[in-house]
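Colleague: Could you take me through this model, chain by chain and then where the chains meet? I would like the cut-offs stated as we go.

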Amino acid sequence: MAYLAPAVLFVLAFTVYPLGQMIWMSFHDWSLITPPRYVGLGNYQRAFADRQYWVSFVFTLKYTAIITPVLIIGGYLLALLASQPSRLRRLTRTTVFIPVVIGLGVSSLLWYWLFSTDFGLVNRVLLDLGVISKPVLWLGVDADRSNLAIIASVTWKVIGFGMILFVGAIQAIPTEITEASLVDGASYWQRVTRVVLPLTLRTVLLVTLVSIIGSLLAFDQFYIMTAGQPQNETATSVFYVYLNSFPYLRLGYGAALSMILALTILAFTVVQLLLTRRSHA
Amino acid sequence: MTATLERRRARPVGVRTHTHAGRTGYLIGALCIAIATVMLLPLVASLLASVKPTAEAAASPPTYLPHDLSLDSYQRLWNYQQGLPTYLANSLGTALLAIAFTLLLTVPAAYALARFRIPGKEVIFVVLLLALIVPYQALLTPMFLLFARVGLTNTLVGLAILHTAIQLPFSLYVLRNSLSAVPRELEEAAIVDGASSLQVLVRVLVPSTVPAIVTVALFAFIMSWNEFLGALVMMSRGSSFTLPLILAAARTETSLGGTDWGMLQAGITISVIPCVLVYLLLQRYYVSGLMTGAVK
């Protein structure tokens, strides 16, 4: 079919073929200057014994484990506040969503400045309020402190994403149901926990999965705000793939790390697709 | 009685019917304003820092409000390295090419999937959506090797192809849904008049799926304009840098006085403006696209 062919060829060339090559590369030792040599599962075994691989993996999990509940609970509370029709609440919705449309790279640069030790407004505000007595070194010195600063900046950047989807789900609840609970004299929080939350649970799960997948793939914010410092302790999984593939030119090893990452993500995507599929039935 | 019911019906979940006008109302209002302020402050701070004079922009500790207004930072950005016009042209060129590629590939494909009987259609659709399952971050090395072999690294066309590959599944999904929803009677009338299938697509279906096309173009623009890692991998030559790349490079620039914070803020402001404008103008399309994209 002439209409379908260009898209199919495009996907074959720019998604299927690279995927095939990545799988092939992951079984080879290849550093671009030397010809590729078949090593079987060698690259995968190497990852298992690679300390930095585990540092990156555990750090990425830690980042994901902290930021996901913040985004979901925070986003849901914002949605409860902003889902109602008043001009002020619509304005709140719009402003919370604005950072979602700007780039993660650019927002990371913005927060790189805000968290800068001597030139940033975060330290200035905290000093003026007397919360701290001398400027804090937020980024690139202590892994946990860097992580918290980056989580704060990414929360600002993406919390509106979950909020807007939760608003959609809350507004889609049939009014008869709300009416019934009003007649029963349920309090506000009773209605939220017993009516609104159960009826929007599928959206909550979906947004949670989307957030987890996004966080496991985090790169821009760490590349820009800490550059992996101190000592690659804040280099995420994608960051370590990038380091191996490009600056270090360990193409085969980088491909094996990509495969591990892709398979991890796949597990979450499958759950996500099953959830969406069920909603069609 | 009916009136009361109607009024209640119109009220969505969560409204506190009893205390709505009372103290709670004011509290909620104050909370809304506080949240809106917190969300806008970083952007406002960046904008203000971009119009500080050179010395003030480099001051430590930083000032809250500019004591003087100056466009020096923008001037330095204009002349930085290859000059702002080069980077703007690269970013804009890539984004426009990505929109063009995405639409040229997905509108016809969505048409075929929505309207024609093709053997193995389901399988083809799944293959086309493959990129949904494989994150592009994992495919960058083989993509880079492929692009290097055919001379597409350091080109806007190459980066636009990468961005199209990222955006294709979402676009196809949105367009196929939208095209499937167009009533067939419209096309049948055109076919009776002797229109070819291409004429049906261009004259009947495209005009009736404008909202979906706008959504697809909007998402392609925002993604391409903002995308960082792919550009970082594909563009190694300074003259082909996009805006996020040159700003990230300027961050670590340690010339005499260290990072040029004022110039960085000018760059951030310029990068943010198109996204925010496009969003505010096309908010409706953005939100509807997000709903289909994420929740499906």
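Modeller: Of the 281 residues in chain A, 47% count as buried, where buried means 20 or more other C-beta atoms within 10 Å of the residue's own, exposed means 12 or fewer, partly exposed is in between, and C-beta atoms are placed from the backbone. This is a predicted model, in which local features need pLDDT of at least 70 and side-chain atom pairs count only at pLDDT 80 or more, while totals for chains, interfaces and linings use all residues. Residues are numbered from 1 along each chain as its sequence is written, and chains are lettered from A and ligands numbered from 1 in the order in which they are written.

Colleague: Among the elements of chain A, which has the lowest mean pLDDT?

Modeller: pLDDT is the predictor's confidence in each residue, from 0 to 100. Chain A has a mean of 91, and 98% of its residues reach 70 or more. Among its elements, helix α3 (residues 51-82) of chain A has the highest mean, 96, and the lowest, 81, belongs to helix α8 (residues 175-183) of chain A.

Colleague: How many helices and strands does chain B have?

Modeller: Helices (H or I, at least four residues) and strands (E, at least two) are DSSP runs, numbered from the N terminus. Chain A comes to 13 helices and 2 strands. For chain B the count is 16 helices and 0 strands.

Colleague: How many residues of chain B are in contact with chain A?

Modeller: Two residues are in contact if their C-beta atoms, placed from the backbone, lie within 7 Å. By that rule, 80 residues of chain A meet chain B, and the number on the side of chain B is 73.

Colleague: Which helix gives the most to the side of chain A that touches chain B?

Modeller: That side divides into 55 nonpolar, 19 polar and 6 charged residues; Ala, Val, Leu, Ile, Met, Phe, Trp, Tyr, Cys and Pro count as nonpolar, Asp, Glu, Lys and Arg as charged, and the others, Gly among them, as polar. With 13 residues, the most comes from helix α1 (residues 5-26) of chain A.

Colleague: Is V8(A) buried or partly exposed?

Modeller: V8(A) is placed in helix α1 of chain A. Leaving aside neighbours within four places in sequence, V8(A) is in contact with I124(B) and L128(B). Because V8(A) has 17 C-beta neighbours inside 10 Å, it counts as partly exposed.

Colleague: Which residues of chain B does F219(A) touch?

Modeller: Residues up to four places away in sequence are not counted here. Within chain A, F219(A) touches T236(A), V238(A), F239(A) and Y242(A). In chain B, F219(A) touches Q137(B) and L229(B).
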